[in-house]
Amino acid sequence: MEKIYYKSTRSDKEKITSCEAIVKGIADDGGLYIPSFIPILNKPFSKLVKMDYRQLAFFVMHKFLPDFSEEELKFCIERAYDKKFDTQDIAPLVKIGDMFFLELYHGATASFKDMALSILPYLLTTSVRKTGVDKEIVILTATSGDTGKAALESFSDVEGTKIIVFYPDRGVSLVQERQMITQEGSNTFVCAIEGNFDDAQTQVKNIFADKVFGKMCAEKKYMFSSANSINVGRLIPQVAYYINSYARLLGMNEIEQGDRINIVVPTGNFGNILAAYYARAMGLPVNKLICAANENNVLYDFFNTGVYNRLRQLKLTISPSMDILISSNLERLIYDICGMDSARLKRLFADLSSTGIFSIDDKMMEKIKDFWSGFATDAQTIEAIREVYKKYNYLIDTHTAVGYYVYKQYLNETGDNTKTIIASTASPFKFPASVVKAVSDDSSFNPENVNEFELLEKLSEITEVPVPEPLRDIGTKKILHRNFCRQDEMKDFVAKVLDIY
Ligand SMILES: *Cc1c(COP(=O)(O)O)cnc(C)c1O
């Protein structure tokens with residue numbers, strides 16, 4: 001069979017290996033790297049059911065990463081999915097009522113970002129060695145809250161790397177912020193920016209595209225890469241847990257081989273749901289991919305009208321990791337549905353950058369008919385947390401609650417009783433202010449008057465669920481990073497860290 005190579009969404013010129021794509025992070029033409037084809041699951045699920053998480057992750061990832069030897073990839077997987085996770089299942093599937101919550105937050109920083117970021121440093125350092133790059137890798141990352149901490153934690157003190165994280169000032173939860181600014185490690189740098197996540201991500205992409213600056217950094221033996229889901233090294237590990245959850249459903253005798261399932265994903269930058277789409281392309285029997293948005297509902301509009309319009313004010317919601325108007329990974333879906341025609345894709349994204357809008361034709365709409373989308377307001381999100389807690393005594397975070405709410409909408413509108421997995425993307429303890437408000441019966445209690453870190457204890461008290469290890473003592477940890485800059489100063493911040501000018 002032909003071997004997978006990687007190319008940019010925006011041109012056909014460059015063909016590179018999976019290792020090179022992981023090292024570079026984003027293509028020089030501003031496009032995202034994609035595999036030349038999606039490999040097929042050529043094993044019956046009866047075999048996959050017997051595998052544990054690591055074996056299954058190897059089976060899935062090796063298909064996308066043919067340049068890694070079996071030994072190299074197994075090494076990465078074993079280092080990543082180890083005791084950092086508080087359960088041997090790594091990504092447990094929990095039955096609640098008639099639904100299945102795929103708990104992706106059992107890693108080192110209590111969000112689903114750990115699923116990919118605990119392996120990325122190993123994939124990256126292995127790729128650097130294999131491609132013979134002789135430079136120090138500088139990870140530049142924009143975060144809506146969870147990627148930042150997960151990337152800092154995983155790259156902390158990794159030899160041959162530095163990591164710089166930019167987050168929107170007041171655009172993340174207090175717990176998320178505190179997790180980042182208390183990060184240890186001599187190679188970690190954190191900076192709040194004036195602006196929102198889109199501003200941070202756009203500036204990071206601009207720094208990547210700045211050839212002059214890149215050359216100056218190269219002279220000092222630095223090379224940039226990305227820990228955002230624009231890096232295929234983030235995307236591929238995520239495909240594994242969808243395949244794994246199907247195998248677990250079979251193992252639980254909830255479905256029979258070949259039965260289709262729905263997958264609900266609370267969505268921001270479109271990385272997690274794209275991984276589910278790739279899993280489906282590999283042959284996972286999926287009926288609907290349900291894209292759940294908060295009030296920043298660009299994707300809801302897109303799936304329902306075919307028009308992507310980012311010309312609106314970004315709202316700060318209680319699901320901050322989804323406060324995004326420019327969903328980077330949508331570009332990979334568009335590439336697929338426009339017939340892998342890079343020239344056409346480039347025109348659409350040129351429209352987007354010049355006018356803020358692009359629209360797709362009926363033929364392309366036809367190709368996304370297996371997506372369904374809805375959105376939840378903050379009030380509906382709080383109500384969803386309360387409902388799940390009261391009905392099932394099960395605690396979910398604000399992002400997962402958006403997923404649950406949208407799934408209920410879907411059920412109401414369609415009556416579809418296909419077995420459904422809801423991706424549970426963060427521990428409820430990362431968003432204690434909102435979650436306590438939802439589950440507390442004490443009407444005189446106003447979470448706004450209480451220190452958010454004390455709320456962690458309060459939430460634990462009310463629900464009798466222990467505070468997850470990574471979040472214990474977060475309020476008393478020493479603050480190590482106190483940086484703030486405007487968007488136009490982000491490049492200078494990088495230059496200062498690297499001692500460029
Ligand atoms: C990042 C994040 C999301 C959104 O995931 P995307 O891959 O960006 O769509 C949802 N929920 C939580 C808790 C997150 O951290």
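The legends below accompany close-up views of a predicted model.

**Figure 1. Surroundings of the ligand.** In this view, 15 residues surround the ligand, and the closest are Lys113, Asp146, Gly268, Asn269 and Asn272. Aspartate 146 places a polar side-chain atom 2.5 Å from an oxygen atom of the ligand. For asparagine 269, a polar backbone atom is 2.8 Å from a ligand oxygen atom. The side chain of threonine 425 has an N or O atom at 2.9 Å from a nitrogen atom of the ligand. On its own the ligand has 380 Å² of accessible area, of which the protein covers 98%.

**Figure 2. The open sheet of five strands.** The strand order is E8-E5-E6-E7-E15, and the pairing is parallel. E8 and strand E15 (484-485) are the edge strands, each pairing on one side only. Strand E5 (residues 136-142) is largely enclosed by the rest of the structure, because six of its seven residues are buried. Strand E8 (residues 222-226) runs parallel to E5 and is joined to it by five bridges. Within this pair, valine 138 has phenylalanine 224 of E8 as its bridge partner. E5 is also joined to strand E6 (residues 161-168), in the parallel sense, by six bridges. Here isoleucine 137 stands opposite threonine 161 of E6. E6 in turn runs parallel to strand E7 (residues 188-193), with six bridges between them.

**Figure 3. Pairing of strands E10 and E13.** Strand E10 (residues 286-293) pairs with E13 in the parallel sense over five bridges. Opposite cysteine 291 stands serine 373, a residue of E13. Strand E13 (residues 371-375) is largely enclosed by the rest of the structure, since four of its five residues are buried.

**Figure 4. The nonpolar cores and tyrosine 242.** The largest nonpolar core has 113 residues, and Tyr242 and Ile334 are those with the most contacts inside it. Helix H11 (residues 232-251) supplies the largest share of this core, with twelve residues. Another core lies apart from it and has 40 residues, including Ile96, Ala110, Tyr407 and Leu459. Leaving aside neighbours within four places in sequence, tyrosine 242 is in contact with Leu102, Ile263, Val265, Asn272, Ala275, Ala276, Ala279, Leu284 and Ala423. In soluble globular proteins, nonpolar side chains tend to be buried together.

**Figure 5. Helix H14 and the glycine that follows.** Helix H14 (residues 330-337) is mostly covered, with seven of its eight residues buried. The buried residues are Leu330, Glu331, Arg332, Leu333, Ile334, Tyr335 and Ile337. Among them, Ile334 is one of the residues with the most contacts inside the largest nonpolar core. Just after H14, glycine 339 adopts a positive phi of about 75°.

**Figure 6. Two non-glycine residues with positive phi.** Most residues other than glycine have a negative phi. Asparagine 253, although not a glycine, has a positive phi of about 60°. Asparagine 253 is located in the loop between H11 and strand E9 (261-266). With a relative accessible area of 69%, asparagine 253 is exposed. Phenylalanine 270 is likewise not a glycine, and its phi is positive at about 70°. The loop between E9 and helix H12 (271-281) holds phenylalanine 270. Phenylalanine 270 counts as buried, because its relative accessibility is 1% and the cut-off for this class is under 20%.

**Figure 7. Contacts of threonine 109.** Threonine 109 is found in the loop between strand E4 (99-103) and helix H5 (113-117). The residue is buried, with a relative accessible area of 0%. Beyond its neighbours within four places in sequence, threonine 109 is in contact with Asp114, Lys149, Ala150, Glu153, Gln179, Lys430 and Pro470.

Terms used. Residues numbered from 1 in each chain as written. Predicted model: local features only at pLDDT ≥ 70, side-chain atom pairs only at ≥ 80, totals over all residues. Heavy atoms only, no water. Buried < 20%, exposed > 50% of the residue type's maximum accessible area, 1.4 Å probe, protein only. Contact = heavy atoms within 4.5 Å. Core = buried A, V, L, I, M, F, W, Y, C linked by side-chain atoms within 4.5 Å. Near = heavy atom within 4 Å. Polar contact = N/O pair within 3.5 Å; in protein donor to acceptor, adjacent residues only side chain to side chain. Areas by Shrake-Rupley, 256 points an atom, 1.4 Å probe, with all protein chains shown as cover. Pairing = 2+ DSSP bridges.
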